[in-house]
Amino acid sequence: SRPMPDSPAKRRSGSATTPAEALAAAGNPDWLADVAGLSFQEARTALQLAMARLQADDLEVEEMAGLYQRAEAYANRCEAVLQRVEQEVIEWEAHSASTSP
């Protein structure tokens, strides 16, 4: 199967284990661990590329399965980043409200 683009840089965010990290620790492909380090934009772009490739007519079944796994991991990464940012905003708003005169 043809590899999808992965992150040019690894970034660690938080200490919670994501589904992608758990799967990577269980012996899945190396690319899966890299997904946890993607920014939202990187994961979204990779997801769009994977989805476009999944729509190709010349896709082999094995490649389709791998691309589907990658697309799911990229989508999960996007969701995790959005949830983290949402939590940070909630905390910031709570802090701002408690320090306002």
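Tutor: Let's begin at Thr99, which lies in helix α4. Helices here are DSSP runs of H or I with at least four residues, strands are runs of E with at least two, and both are numbered from the N terminus. What you see is a predicted model, in which local features need a pLDDT of at least 70 and side-chain atom pairs count only at pLDDT 80 or more, while totals for chains, interfaces and linings use all residues. Residues are numbered from 1 along each chain as its sequence is written, and side-chain values use heavy atoms, leaving out hydrogens and water.

Is Thr99 buried or exposed? With a relative accessible area of 52%, Thr99 is exposed. The cut-offs are simple: buried means under 20% relative accessible area, exposed means over 50%, and partly exposed is in between, using a 1.4 Å probe and protein chains only.

Now look at what the side chain of Thr99 does. It reaches the backbone oxygen of His95 at 3.0 Å, and also the backbone oxygen of Ser96 at 3.3 Å. Pairs like these are polar contacts: N or O atoms within 3.5 Å, where within protein one must be able to donate a hydrogen and the other to accept it, and residues adjacent in sequence count only if both atoms are side-chain atoms. Ser98 is also in α4, and Ser98 is exposed because its relative accessible area is 57%. A polar atom of the Ser98 side chain lies 2.9 Å from the backbone oxygen of His95.

Let's step back to the whole helix. How far apart are the ends of α4? Its end C-alpha atoms are 57 Å apart, which agrees with the 57 Å that its 39 residues should span at 1.5 Å a residue. The expected span is 1.5 Å times one less than the number of residues.

Other parts of α4 are covered. Its buried residues are Glu63, Leu67, Arg70, Ala71, Ala73, Tyr74, Arg77, Cys78 and Val81, and their cover includes α2 and α3. Arg77, in α4, counts as buried because its relative accessibility is 9%. The Arg77 side chain reaches the backbone oxygen of Leu38 at 2.7 Å. Ala71, another α4 residue, is buried as well, since its relative accessible area is 5%. Leaving aside neighbours within four places in sequence, Ala71 is in contact with Leu47, Ala50, Met51 and Leu54; contact means heavy atoms within 4.5 Å. Ala71 and Ala43 are 28 residues apart in sequence and 9.0 Å apart in space, C-alpha to C-alpha.

Now turn to α3 itself. Its buried residues are Ala43, Ala46, Leu47, Ala50 and Arg53. Seen down the axis of α3, they fall within an arc of 125°, so they line one face of the helix. That arc is taken from the directions from the helix axis to the C-beta atoms. The cover over these buried α3 residues includes α4.

These pieces meet in a nonpolar core, a set of buried Ala, Val, Leu, Ile, Met, Phe, Trp, Tyr and Cys residues joined through side-chain atoms within 4.5 Å. The largest one has 14 residues, and Trp31, Val35, Leu38, Ala73 and Tyr74 have the most contacts inside it. At least two of its residues come from each of α2 (30–35), α3 (40–54) and α4 (61–99), and α4 gives the most, with 5 residues. In soluble globular proteins, nonpolar side chains tend to be buried together.

Finally, here is the wider setting. The chain has 4 helices and 0 strands, and 28% of its 101 residues are buried. Among contacts between residues at least 6 apart in sequence, 75% join residues at least 24 apart.
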